[in-house]
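The sequence and structure come first.

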Amino acid sequence: MADLTVHRFDYSMPSALAAFDVEDFLARARAWVAGTVGPGERVALSASGGVDSTTVAFLLKEVLGDRLHPFFIDDGVRRHIGGREEWEVTAEIFAEFPNFTVIHTAELVIPWFEGIEDGTLKREMFRTLYTLTSNKHLAGLEADWIADGTIRPDIDMTDQNRQIQHNVNLPYSMKKLEPFSALYKPHVRRVAAALGMPRDFAMRIPCPGPAQLLRVGGAFSAAKLRVSKVATDVVESMVCEHLQRLWGEPFRYDEATGVRTPFQYF
């Protein structure tokens, strides 16, 4: 029988953000990955385009090289960023990853949500479709592991039944690797900076996994989705432009507290 267990990097986190030793974390995380993933084993990575999974990808690339296979599922419910689909922006971020793949499933996924109103049901359906698509891709890759950007709040919110997270406890068909399972968002941002990722990316706002699916009010429709994607992009762009004029930068970040302002745009 296949080993379907979740392997989480158990790192002892300090109580204060200032006490987080990012170089110590990186050294231990690299060693953990090297010791957990067997020689010759392939690791697929579910890339959302967000800070968490992308930072994990850059860390794993250092350790695994071409044994890392990142993929992005373009299910049609992702954001527009600067007038472009999120998969296009993500593909640019992963341009130096030789095995990066975009899986286009929008035509199959969006019809399933027509008329669905309940947010929790939307999340559950998204998880199911996301997992089915992922497992089909993983079988074709003949990968040994699936990794993603799961962080501590994702796990806590799911375990406490506060909100279903799209990336926790998924019924994957293989072992799961969670290198950032001890971290919170401010720690991930520090790791991203230490790995040399651009500041504007390291400080990108969080976005829910089901993305625009949850921002469509009332019963879901493809027409509402199109409006939501454009409206979200316009609002985010206008806020950034306003703050750039006001502050000389599109956001402010407090290194001591890990608070990004604005935290969200809505």
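The model is predicted.

**Nonpolar cores**

The largest nonpolar core has 34 residues, and F25, V43, L45, L60, L177, F180 and V191 are the ones that touch the most other members. Two or more residues of this core come from each of α1 (22–36), β2 (43–46), α2 (51–64), β3 (68–74), β7 (145–147) and α7 (185–194). A separate, second core consists of 24 residues, among them A44, I73, Y130 and I146.

Leaving out residues up to four places away in sequence, F25 is in contact with F9, Y11, F20, P179, F180, L183 and V191. Of these contacts, F180 and V191 also belong to the group that touches the most other members of the largest core.

**Strands β2 and β3**

β2 and β3 are paired in the parallel sense, over 4 bridges. Within this pairing, L45 is opposite P70 of β3, and A44 has H69 of β3 as its bridge partner.

In a regular strand, side chains alternate between the two faces of the sheet. The table lists the directions for the two strands.

| Strand | Pointing one way | Pointing the other way | Burial |
|---|---|---|---|
| β2 | V43, L45 | A44, S46 | all buried |
| β3 | L68, P70, F72, D74 | H69, F71, I73 | all buried |

How many of the residues of β3 are buried? The count is 7 of the 7, so β3 is largely enclosed by the rest of the structure.

**T90 in helix α3**

T90 is part of helix α3, which covers residues 86–93. Its relative accessibility is 1%, so T90 counts as buried, the limit being under 20%. Apart from residues up to four places away in sequence, T90 touches G49, F72 and F100.

**A surface patch**

V230, V234 and M238 make up a nonpolar patch on the surface, and their accessible area together is about 270 Å². M238 lies in helix α9, residues 222–247.

How values were computed. Residues are numbered from 1 along each chain as its sequence is written. This is a predicted model: local features need pLDDT of at least 70, side-chain atom pairs count only at pLDDT 80 or more; totals for chains, interfaces and linings use all residues. Side-chain values use heavy atoms; hydrogens and water are left out. Patches are made of residues with over 30% relative accessible area and no salt bridge: like charges are joined within 9 Å, nonpolar side chains (Val, Leu, Ile, Met, Phe, Trp, Tyr) within 5 Å. Accessible areas come from the Shrake-Rupley method with a 1.4 Å probe; for residues, only the protein chains shown count as cover. A salt bridge is a side-chain nitrogen of Lys or Arg within 4 Å of a carboxyl oxygen of Asp or Glu. A nonpolar core is a set of buried Ala, Val, Leu, Ile, Met, Phe, Trp, Tyr and Cys residues joined through side-chain atoms within 4.5 Å. Buried means under 20% relative accessible area, exposed over 50%, partly exposed in between (1.4 Å probe, protein chains only). Contact means heavy atoms within 4.5 Å. Two strands pair if DSSP finds at least two bridges between them.
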